[in-house]
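Me: I have a chain open on my screen and would like to know what stands behind the words used for it. Please set each value against its definition.

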Amino acid sequence: MSPTPDDRPTAERSLAEINADIRCLFARAEGRLSDAERIRHATLLQEWAAAIRASVVPAA
């Protein structure tokens, strides 16, 4: 059975918020991420991917 819109996972934050955090991370790091910043970036990418999945509307 296909999930209904209410069954889909919801994102904690919007894609725009997550994207803004990613951009700020790179701006502060001037394009060179430390090990800690790489970990933060990976976490943000996972959050971004989850938000993308949550925003997908299943086909009819």
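Me: Which residues of α2 are buried?

Reply: The buried residues of α2 are His41, Leu44, Ala51 and Ala54. Before going on, note that this is a predicted model, in which local features need pLDDT of at least 70 and side-chain atom pairs count only at pLDDT 80 or more, while totals for chains, interfaces and linings use all residues. Residues are numbered from 1 along each chain as its sequence is written, and side-chain values use heavy atoms, with hydrogens and water left out.

Me: Why is His41 called buried?

Reply: Buried means under 20% relative accessible area, exposed means over 50%, and partly exposed is in between (1.4 Å probe, protein chains only). His41 has 18% relative accessibility, so His41 counts as buried. Leaving aside residues up to four places away in sequence, His41 touches Ile22, Leu25, Phe26 and Leu33; touching here is contact, which means heavy atoms within 4.5 Å.

Me: Why is Ala54 called buried, and in which helix is Ala54 placed?

Reply: Ala54 is in helix α2. The relative accessible area of Ala54 is 13%, so Ala54 is buried.

Me: Why does Glu17 count as partly exposed?

Reply: Glu17, found in helix α1, has a relative accessibility of 41% and therefore counts as partly exposed. The C-alpha atoms of Glu17 and Trp48 are 9.3 Å apart in space, and the two residues are 31 apart in sequence.

Me: What makes a stretch a helix, and how many helices are in the chain?

Reply: Helices (H or I, at least four residues) and strands (E, at least two) are DSSP runs, numbered from the N terminus. The chain has 2 helices and 0 strands. Helix α2 takes in residues 35-55, and α1 is 15-29.

Me: What span is expected for each helix, and what does each one reach?

Reply: The expected span of a helix is 1.5 Å times one less than its number of residues. With 21 residues, α2 reaches 30 Å from its first C-alpha to its last, close to the 30 Å expected. With 15 residues, α1 reaches 21 Å, close to the 21 Å expected. After α1 comes Glu30, whose phi is positive, near 50 degrees.

Me: Which residues of α1 are buried, and what puts them on the same side?

Reply: The buried residues of α1 are Ile18, Ile22, Leu25 and Ala29. They cover an arc of only 60 degrees around the axis, which puts them on the same side of α1. The arc is that of the directions from the helix axis to the C-beta atoms. An α-helix has 3.6 residues a turn, so residues three or four places apart point the same way. On the other side of α1, the residues Ala16, Arg23, Ala27 and Arg28 are exposed.

Me: Why are the buried residues of α2 said to line one face?

Reply: Seen down the axis of α2, its buried residues fall within an arc of 140 degrees, so they line one face of the helix. The face turned away carries the exposed residues Asp35, Ile39, Gln46 and Arg53.

Me: Why are α1 and α2 called roughly antiparallel?

Reply: α1 and α2 pack at an angle of about 160 degrees, with their axes 9 Å apart. Axes are lines fitted to C-alpha atoms, for helices over the stretch in contact, and angles run from 0 to 180 degrees between N-to-C directions. Angles under 35 degrees count as roughly parallel, over 145 as roughly antiparallel, 65 to 115 as roughly perpendicular and the rest as oblique. The two helices α1 and α2 are therefore roughly antiparallel to each other.

Me: What covers the buried residues of each helix?

Reply: The cover of the buried residues of α2 includes α1, and the cover of those of α1 includes α2.
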